[in-house]
Amino acid sequence: MRQKYLFSLLVLLISASQFIFAQELSVTGKVVDASGEALPGVNVLVKGTTKGTSTDFDGKYSIDAAKGEVLVFTFVGFSKQETPVTGSSMNVIMSEDSDQLDEVVITAFGIEKQTKELGYSVSQVKTEDLDLSGQTNALNALQGRVAGLTITQTSGGAGAGADILIRGITLGCSRKRQPTIDYC
């Protein structure tokens with residue numbers, strides 16, 4: 001009789017310990033922007049740990065976290081959002097970052113400035129212009145669109161490097177070495 005009682009007590013303790021230690025649950029949800037569009041590729045991390053995942057093409061994610069832990073959602077162009085885990089299903093609406101950088105101008109010495117801070121004119125090429133050019137390489141699409149820019153292919157092969165000349169500064173780019181700047 002005593003063995004039955006001890007066995008029953010042991011089974012009860014083991015089953016109770018599963019509830020005590022099984023606080024971690026699989027949190028699933030969907031990440032969307034303010035208009036309701038799914039955001040693929042959003043980083044989802046458990047704050048203070050190395051556990052993380054990212055959203056799939058439909059904006060859905062799944063991660064193991066305990067109640068009370070904080071999930072951190074980050075995505076380029078959107079504000080970082082921290083949300084505590086309250087249940088097994090958490091949908092998140094991310095807001096756009098208002099401090100987003102609109103444009104950057106790289107001057108001759110590699111100093112980044114905004115266009116209005118410069119005392120001279122700046123050539124600007126929009127992405128729409130590059131899309132319409134019909135070139136397979138983005139560097140070749142810039143040829144003839146920026147004053148003082150000369151781009152020369154290093155060979156005739158697909159994916160070959162290019163030599164870039166910007167008003168006397170030579171940028172040598174190839175697959176085998178890092179871009180370098182040589183002052184003439």
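I shall speak about confidence, then the overall make-up, and then two residues.

What we have here is a predicted model. The chain has a mean pLDDT of 75, with 65% of its residues at 70 or more. In residues 174-184, however, the pLDDT falls below 50, although this stretch has 19 contacts in the model beyond near neighbours in sequence. Where pLDDT is low, the predicted coordinates should not be read in detail.

Turning to the overall make-up, the chain contains 3 helices and 13 strands. Of its 184 residues, 21% are buried. If we take contacts between residues at least 6 apart in sequence, 32% of them join residues at least 24 apart. The accessible surface of the chain is about 13,500 Å², and carbon and sulfur atoms account for 55% of that.

Is Thr83 buried or exposed? Its relative accessible area is 19%, and because the cut-off for buried is under 20%, Thr83 counts as buried. Beyond its neighbours within four places in sequence, Thr83 contacts Glu69, Val70, Leu71, Phe73 and Met90.

The second residue, Leu6, sits in helix α1, which covers residues 2-21. With a relative accessibility of 46%, Leu6 is classed as partly exposed. Which residues make the nonpolar surface patch of about 420 Å²? Leu6 is one of them, together with Tyr5, Leu9 and Leu12.

Key: Residues are numbered from 1 along each chain as its sequence is written. This is a predicted model: local features need pLDDT of at least 70, side-chain atom pairs count only at pLDDT 80 or more; totals for chains, interfaces and linings use all residues. Side-chain values use heavy atoms; hydrogens and water are left out. pLDDT is the predictor's confidence in each residue, from 0 to 100. Contact means heavy atoms within 4.5 Å. Buried means under 20% relative accessible area, exposed over 50%, partly exposed in between (1.4 Å probe, protein chains only). Patches are made of residues with over 30% relative accessible area and no salt bridge: like charges are joined within 9 Å, nonpolar side chains (Val, Leu, Ile, Met, Phe, Trp, Tyr) within 5 Å. Accessible areas come from the Shrake-Rupley method with a 1.4 Å probe; for residues, only the protein chains shown count as cover. A salt bridge is a side-chain nitrogen of Lys or Arg within 4 Å of a carboxyl oxygen of Asp or Glu. Helices (H or I, at least four residues) and strands (E, at least two) are DSSP runs, numbered from the N terminus.
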